[in-house]
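This report describes the architecture and selected local features of one protein model. Please keep the sequence and the structure in view while reading.

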Amino acid sequence: MLVCAALIWWRQNRWQAARFAAVAAIGWLSVEPVKLLVHRPRPVLPNVHAAAESWSFPSGHVALVTAVVLGLVLVTTGRSRAVTIIFGSAAVIVVALSRLTLAVHYPSDTAASVVWVGAVTVIVMSGMRVVEAANTDRATRPRRAETAGADTQPILIDGVRQD
């Protein structure tokens, strides 16, 4: 995830890298509190791979892949975005099927991960837009000339006296 963010920073810009990192990290890490709240045990099947010692709902593996794919979709455009959507969707499906094949998750665990990360992505992107807008406003806002005594000297904005 860090390598992807660094490459995006290097190839595109810092906001794209921040978008990717925020969506991928928050989307993935946000499933852990849900696991603690739901406390759903993993499936127990005879003669099947021993389940991990953590809660089942939602799937962290599927959440990770979904979060990375959504992060990449948000920072790509045109043909690259189409390719990312196609291969990313395939990756999410493959990981979800692997979790089901290994019998360490229920189908609803994997589906919930995709839905949850999608919802978190919408929230994260809304927050990112607010932050970007605030930074854009600050960067384009006219600066006041610094004055020693505000009472005695005129206020200047871009060299023009403001009365």
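The sections below go from the overall fold to individual residues.

## Basis of the model

The model is predicted: local features need pLDDT of at least 70 and side-chain atom pairs count only at pLDDT 80 or more, while totals for chains, interfaces and linings use all residues. Residues are numbered from 1 along each chain as its sequence is written, and side-chain values use heavy atoms, with hydrogens and water left out.

## Overall architecture

The protein chain has six helices and two strands, arranged from the N terminus as α-α-α-α-α-α-β-β. Helices (H or I, at least four residues) and strands (E, at least two) are DSSP runs, numbered from the N terminus.

Of the 163 residues in the protein chain, 31% are buried. Buried denotes under 20% relative accessible area, exposed over 50%, and partly exposed the range in between (1.4 Å probe, protein chains only). The accessible surface of the chain is about 10,700 Å², and carbon and sulfur atoms account for 66% of this surface; accessible areas come from the Shrake-Rupley method with a 1.4 Å probe, and for residues only the protein chains shown count as cover. Among contacts between residues at least 6 apart in sequence, 64% join residues at least 24 apart, contact being defined as heavy atoms within 4.5 Å.

## Packing of α4 and α5

Helix α4 (residues 60–75) packs against α5 at an angle of about 180°, and the two axes lie 9 Å apart. Axes are lines fitted to C-alpha atoms, for helices over the stretch in contact, and angles run from 0 to 180 degrees between N-to-C directions. The two helices are therefore roughly antiparallel to each other, a term for angles over 145 degrees. The residues of α4 that meet α5 include His61, Val62, Val65 and Thr66, and their counterparts in α5 include Arg81, Thr84, Ile85 and Val92.

Thr66, in helix α4, is buried because its relative accessible area is 5%. Beyond its neighbours within four places in sequence, Thr66 contacts Val92, Val114 and Val117.

Val83, Ile86 and Phe87 form a nonpolar surface patch with about 330 Å² of accessible area together. Patches are made of residues with over 30% relative accessible area and no salt bridge: like charges are joined within 9 Å, nonpolar side chains (Val, Leu, Ile, Met, Phe, Trp, Tyr) within 5 Å. Ile86 is located in helix α5 (residues 78–101) and counts as exposed because its relative accessibility is 58%.

Val94 also lies in helix α5 and is exposed, with a relative accessible area of 54%. Its C-alpha atom is 9.9 Å from that of Val65, 29 residues apart in sequence.

## The salt bridge

The structure holds one salt bridge, a pairing in which a side-chain nitrogen of Lys or Arg is within 4 Å of a carboxyl oxygen of Asp or Glu. It joins the side chains of Arg40 and Asp109, at 2.8 Å from N to O. The pair links distant parts of the chain, 69 residues apart: Arg40 is in the loop between α3 (31–38) and α4, and Asp109 is in helix α6 (residues 107–140). Arg40 is partly exposed, at 24% relative accessibility, whereas Asp109 is buried, at 0%.

## Further local features

Ala103 lies in the loop between α5 and α6 and is buried, at 10% relative accessibility. The phi angle of Ala103 is near 60°, a positive value in a residue other than glycine.

Ala25 belongs to helix α2 (residues 14–29) and is partly exposed, at 25% relative accessibility. The C-alpha atoms of Ala25 and Ala67 are separated by 7.4 Å, although the two residues are 42 residues apart along the chain.

Key: Parallel < 35°, antiparallel > 145°, perpendicular 65-115°, else oblique.
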